[in-house]
Amino acid sequence: MRGQLGLAADDPNVPLFSGLLAAAYLLGQFLCSPFYGGLSERLGRRPVLLVCVMISTLFLLAFGFSNNYVLSVVLRLLQGCFAGALTVGKLYLADVSDPSNEGRVFSFIGIAIGSGCITGPALG
């Protein structure tokens, strides 16, 4: 935070700015996720899924190299806007599952997210 905002680590505004940075991603996801359902119906699940993952990855890499707080917030917002992979992935799972295995198949989403939240920071 010191490099981007000139704040010391113990400044009381650090949690606020960190929260805004995290909220930007979720806001982008909230605003744009409904769009991906219709788009994947028209273009197909695979192309939309691949484009979302590629563009989201590019914004994540740009965020990693950002040295400006406002740019960081904008990049996180844009990354959230292209986070349609989860939405399209759920639609794909709904297509390939039936009522007999639906609960088990959809539980894999939570397992994958939880595993990523544990192993990602450990590897980082």
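1. Contact, in this note, means heavy atoms within 4.5 Å. On that basis, among contacts in the chain between residues at least 6 apart in sequence, 59% join residues at least 24 apart.

2. Basis of the note. The model is predicted, so local features need pLDDT of at least 70 and side-chain atom pairs count only at pLDDT 80 or more, while totals for chains, interfaces and linings use all residues. Residues are numbered from 1 along each chain as its sequence is written, and side-chain values use heavy atoms, with hydrogens and water left out.

3. Overall fold. The secondary structure comes to six helices and zero strands, in the order α-α-α-α-α-α along the sequence. The radius of gyration of the chain is 17 Å, well over the 14 Å that the globule rule gives for 124 residues, so the chain is more spread out than a compact globule. Helices (H or I, at least four residues) and strands (E, at least two) are DSSP runs, numbered from the N terminus; the radius of gyration is taken over C-alpha atoms, and the globule rule is 2.2 Å times the number of residues to the power 0.38. Along the principal axes, the C-alpha atoms fill a box of roughly 55 × 30 × 20 Å.

4. Burial and surface. Of the 124 residues in the chain, 25% are buried. Buried means under 20% relative accessible area, exposed over 50%, and partly exposed in between (1.4 Å probe, protein chains only). The chain exposes about 8000 Å², with carbon and sulfur atoms supplying 71% of that area. Accessible areas come from the Shrake-Rupley method with a 1.4 Å probe, and for residues only the protein chains shown count as cover.

5. Helix α2. Gln-29 lies in helix α2, which spans residues 14–43. Its relative accessible area is 19%, and Gln-29 is therefore buried. Apart from neighbours within four places in sequence, Gln-29 is in contact with Gly-80, Cys-81, Ala-83 and Leu-86. Leu-31 also belongs to helix α2, but Leu-31 counts as exposed because its relative accessibility is 54%. Together, Leu-27, Phe-30 and Leu-31 make a nonpolar surface patch of about 350 Å². Patches are made of residues with over 30% relative accessible area and no salt bridge: like charges are joined within 9 Å, and nonpolar side chains (Val, Leu, Ile, Met, Phe, Trp, Tyr) within 5 Å.

6. Salt bridges. Side chains of opposite charge can pair when their charged atoms come close. The structure holds two salt bridges, each defined as a side-chain nitrogen of Lys or Arg within 4 Å of a carboxyl oxygen of Asp or Glu. In one, Glu-41 pairs with Arg-45, the closest N and O atoms being 2.9 Å apart. Glu-41 is exposed, with a relative accessible area of 56%, whereas Arg-45 is buried at 14%. Arg-45 also meets Asp-95 in a salt bridge (2.9 Å, N to O). This pair links distant parts of the chain, 50 residues apart: Arg-45 is in helix α3 (residues 45–65) and Asp-95 in helix α5 (residues 85–96). Through shared partners, the salt bridges join Glu-41, Arg-45 and Asp-95 into one network.

7. Cysteines. A disulfide is a covalent bond between the sulfur atoms of two cysteines. With a disulfide taken as a pair of cysteine sulfur atoms within 2.5 Å, a search of the whole structure finds zero disulfides. Cys-81 counts as buried, because its relative accessibility is 14%.

8. Ala-94 has its place in helix α5 and is partly exposed, with a relative accessible area of 38%. The C-alpha atoms of Ala-94 and Ile-118 are separated by 26 Å, the two residues being 24 apart along the chain. Ser-115 is found in helix α6 (residues 102–123); Ser-115 is partly exposed, with a relative accessible area of 36%. Between Ser-115 and Thr-57 there are 19 Å in space, C-alpha to C-alpha, and the two are 58 residues apart in sequence.
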